[in-house]
Amino acid sequence: MTGSLQTKNNIYYIVLNTYENGKRKQKWINTELPVKGNKTKAQKLLRETLKEYEEAEALRAQQEADQANIPFVDAIKLWYAEKTADFEHPIDEVTKQGYETLMKNHVFPYWKEKGTLLKEITKFNLQDYINEKAKNGRLDGKGGLAPRSLRLLKNIVNQTLLYCVSEGMIPNNPCQFVKLPVCERYEAHFYTKSQIDELLEKIKDEPLYPLIRLTALYGLRRSEALGLRWDCVNFEAETISIRRTVSKVTTVVAKDKTKNTSSRRSFPMTPEIKELLLNLKAQQEKDKQFFGDTYHDCDSVFRWSDGRPFSPDYVSDKFSKLLKANGMPHIRFHELRHSAASNLLNMGFSLKDVQEWLGHSDIKTTANTYGHLDAKRKLSMAEALVS
């Protein structure tokens, strides 16, 4: 396969020369890179794109030679090569990292060891696979994978087989008959308001204090807190807007978007939070002057004194250590968000209020997670009416 870079409307396009039924056909791919200053990036993207298409073509040639007589692992690679080469519907980088991590740790090793061919895949060996991962899937040997991970594994297998059906490699998709095991619902742990207050008092001199304070108050996701930049903090209007995220699977990924449309939301800035953020901003200006040319200039609200933003792994790890050092019950960092929700419900706010505060796209998500807390509040209301 050959390809070249072309420009149109001041944007680089990758033009691939493909062949269908012996006839040459050009495929134009928008790189979304402006011409000015991006030639090196565009050339690198061209090389990567050619490599991905060539790998896909090589696997396709193998498929055509013996469509179903290939290892199931190769069928998965073929599907993934096609999926990642689809520039019209690109995979989100965090999703891509999640796919690759799961395939490396939980898909390829299992099916390579089994040596199963694509034509040998049945609902029975697929069910055995899911059951095994549900029972013994954790890499540390401490039990099975979480329900979400099992759903993602099934999704990878299902998409692979759907692709194979569409390409005429197999007649049907046996994954449609595979059932995920019924798992115990995870019960999140919460801090009461008094526990939150106690924690904040104990860690008020820690570098993570401002981040933990805002997370506990507004029920932020970790990615939302780390994605907060100063241009979303309006001291005049006294509002804080959630517009970006920072996540990590294998590498840190910053995105100028939130998990969903409902996650884009604004909060009122309380006097306490306003003072906290003003002090934080003033300290960062002092830090910038102190470090001079070695300062890492960025707009992140939460960062080290030398300007480097906090990493997701550091936040979760340090939070756990802070709890242990201060004799507080263990909760995950994400459970600060749960704590905010539970405390709002206990104060009498409705599930609809909590849905909007947390940025859930569907109130069913809020009800499924916190409905039992809302039920307790309603029982107290009923008891108050008959007392």
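Trainee: What makes helix H2 mostly covered?
Mentor: Count its buried residues: they are 10 of 13. A residue is buried under 20% relative accessible area, exposed over 50%, and partly exposed in between (1.4 Å probe, protein chains only). Among the buried ones in H2 are Phe72, Val73, Ile76, Leu78 and Trp79. This is a predicted model: local features need pLDDT of at least 70 and side-chain atom pairs pLDDT 80 or more, while totals for chains, interfaces and linings use all residues. Residues are numbered from 1 along each chain as its sequence is written, and side-chain values use heavy atoms, without hydrogens and water.

Trainee: How do you know that the span of H2 agrees with its number of residues?
Mentor: H2 runs over residues 72-84, which is 13 residues. Helices (H or I, at least four residues) and strands (E, at least two) are DSSP runs, numbered from the N terminus. The expected span is 1.5 Å times one less than the number of residues. That gives 18 Å for H2, and its end C-alpha atoms are 18 Å apart, so the two agree.

Trainee: How many aromatic pairs are there?
Mentor: Rings of Phe, Tyr and Trp (its six-membered ring) pair if their centres lie within 6.5 Å; planes under 30 degrees apart count as stacked, over 60 as edge-to-face and the rest as tilted. The count comes to 17.

Trainee: Why is the pair of Phe267 and Trp357 called edge-to-face?
Mentor: The ring centres are 4.8 Å apart, so Phe267 and Trp357 pair, and their planes at 70° make the pair edge-to-face. Phe267 is in strand S8 and Trp357 in helix H12, 90 residues apart.

Trainee: What makes the pair of Trp304 and Tyr314 tilted?
Mentor: Their centres are also 4.8 Å apart, but the planes stand at 55°, so the pair is tilted. Trp304 lies in the loop between helices H9 and H10, and Tyr314 in H10, 10 residues apart. Trp304, at 27%, is partly exposed. Tyr314, at 23%, is partly exposed too.

Trainee: Which residues do ring pairs link into a cluster?
Mentor: Phe72, Tyr110, Trp111 and Tyr129.

Trainee: How do you know that the charged end of Lys8 sits over the ring of Trp28?
Mentor: The test needs NZ of Lys or CZ of Arg within 6 Å of the ring centre and within 35 degrees of the ring normal. The charged end of Lys8 is 5.0 Å from the ring centre of Trp28 and sits over that ring. Lys77 sits over the ring of Phe108 likewise, at 5.6 Å.

Trainee: Why is Asn125 called buried?
Mentor: Its relative accessible area is 19%, so Asn125 is buried. Asn125 is found in helix H4. Its side chain reaches the backbone oxygen of Glu120 at 2.9 Å and the backbone nitrogen of Thr122 at 2.8 Å.

Methods
Polar contact = N/O pair within 3.5 Å; in protein donor to acceptor, adjacent residues only side chain to side chain.
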